[in-house]
Amino acid sequence: MIKKAFVLPALVAGLLISCNTSEEKKNEESTTPVTDTTSVVEEAPITDPKETEVWEPEPAVVTFNENGVPSDAIVLFNGENLNAWKSATDSIVNAPWQINKDGSMTVVGGTGDIQTKESFGDMQLHVEWQAPQVVEGEGQDRGNSGIFLQGLYEVQVLNSFENRTYSNGQATAIYKQSIPLANATKPTKEWQSYDIIYHQPVFDTDGNKTKSATVTLLHNGVLVHDNVEIKGTTEYIGNPKNEAHGEGPIKLQDHGNPVSFRNIWLRKL
């Protein structure tokens with residue numbers, strides 16, 4: 001029989017030894033270097049330039065006609081007829097604007113806007129226009145028209161050569177929304193060119209806009225809008241609206257001024 005007097009000291013001694021052993025293990029673990037398992041093995045440097053050459057897919061070849069129109073473009077007006085256009089206000093087959101001997105067309109005031117028969121979404125659009133050669137009016141009354149993307153979002157057409165008006169209403173402005181970075185308008189007698197890169201807005205199944213339309217625009221080769229957000233419809237009065245829609249036509253505005261257009265083409269993106 002073991003006496004109690006000897007049992008208690010022995011248990012205490014055992015506990016002390018156990019604690020000391022655990023503490024020693026902790027100390028050993030804390031001093032053991034941790035191996036970094038996240039390090040990335042460096043790849044051997046590339047010495048052969050062919051290793052970074054990509055040959056497929058090969059971009060399609062685009063050629064150009066005498067007017068600089070790309071071979072993959074949809075020609076909306078080539079100076080011969082208005083077969084691609086119709087009145088925006090009634091059901092007549094073709095648009096009622098005037099075709100000129102020089103291959104341009106001119107707004108006939110009072111006949112109304114015209115629009116393409118076909119609808120479009122994302123696009124690259126090229127338009128050339130010329131202000132009336134008889135300079136009349138001031139501000140918004142001088143050579144006013146407009147190019148409506150998807151029939152809803154106006155890029156302003158205006159004779160802004162030495163003609164001050166509100167900045168978000170001058171030539172190339174996203175009307176009443178975005179001011180161009182520069183006024184690149186040529187003198188009245190010259191033709192103006194717009195090159196527009198447009199991406200349409202996106203709506204969810206409930207009709208809510210999830211992504212705004214954007215536009216990049218070069219006026220006579222000068223960048224005036226750089227991936228600018230279109231906030232909604234370009235209203236004359238009030239705030240932009242954002243009702244859900246799909247693809248839409250290109251619309252040209254009859255603002256009562258005899259503005260002329262030529263060489264209109266579009267590439268779907």
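Tyr 198 has 0% relative accessibility and therefore counts as buried, where buried means under 20% relative accessible area, exposed over 50% and partly exposed in between, with a 1.4 Å probe and protein chains only. This is a predicted model, in which local features need pLDDT of at least 70 and side-chain atom pairs count only at pLDDT 80 or more, while totals for chains, interfaces and linings use all residues. Residues are numbered from 1 along each chain as its sequence is written, and side-chain values use heavy atoms, with hydrogens and water left out.

**Aromatic pairs**

Tyr 153 is buried too, at a relative accessible area of 3%. Rings of Phe, Tyr and Trp (the six-membered ring of Trp) pair if their centres lie within 6.5 Å; planes under 30 degrees apart count as stacked, over 60 as edge-to-face and the rest as tilted. The structure holds four such pairs, and two of them are set out here.

| Pair | Centre to centre | Angle between planes | Class |
|---|---|---|---|
| Trp 97 and Phe 261 | 6.3 Å | 25° | stacked |
| Tyr 153 and Tyr 198 | 6.4 Å | 35° | tilted |

Trp 97 sits in the loop between β2 and β3 (98-99), and its partner Phe 261 is in strand β15 (residues 260-268), 164 residues apart. Trp 97 is buried with a relative accessible area of 5%, and Phe 261 is buried at 0%.

**Strand β7 and its sheet**

Let us turn to β7. Strands (E, at least two residues) and helices (H or I, at least four) are DSSP runs, numbered from the N terminus. Two strands pair if DSSP finds at least two bridges between them. Strand β7 is antiparallel to β8 (residues 153-157), joined by five bridges, and pairs with β14 (residues 251-252) in the antiparallel sense over two bridges. Ile 147 stands opposite Val 155 in β8, Gly 146 is opposite Gln 156 in β8, and Phe 148 faces Lys 251 in β14. The hairpin of β7 and β8 has three residues between the strands, and Gln 150 takes a positive phi near 55° there.

These strands belong to an open sheet of five, in the order β2-β5-β14-β7-β8, with antiparallel pairing. β2 (85-87) and β8 stand at the edges with a single partner strand each, so one side of each has no neighbour in the sheet.

Which residues of β7 are buried on each face? Ser 145, Ile 147 and Leu 149 are buried on one side, and Gly 146 and Phe 148 on the other.

Ser 145 lies in β7 (residues 145-149) and is buried at 0% relative accessibility. The side chain of Ser 145 reaches the backbone oxygen of Gln 253 at 2.7 Å. Contact means heavy atoms within 4.5 Å. Beyond its neighbours within four places in sequence, Ser 145 touches several residues, including Glu 154, Val 157, His 255 and Phe 261.

**The whole chain**

The protein chain has one helix and 15 strands. Buried residues make up 40% of its 269 residues. Of the contacts with a separation of 6 or more, 64% are between residues 24 or more positions apart.

A word on confidence: pLDDT is the predictor's confidence in each residue, from 0 to 100. The mean pLDDT of the chain is 90, and 86% of its residues reach 70 or more. Over residues 1-13 pLDDT stays under 50, and the model has one contact beyond four places in sequence for them. Where pLDDT is low, the predicted coordinates should not be read in detail.

Definitions and conventions: Polar contact = N/O pair within 3.5 Å; in protein donor to acceptor, adjacent residues only side chain to side chain.
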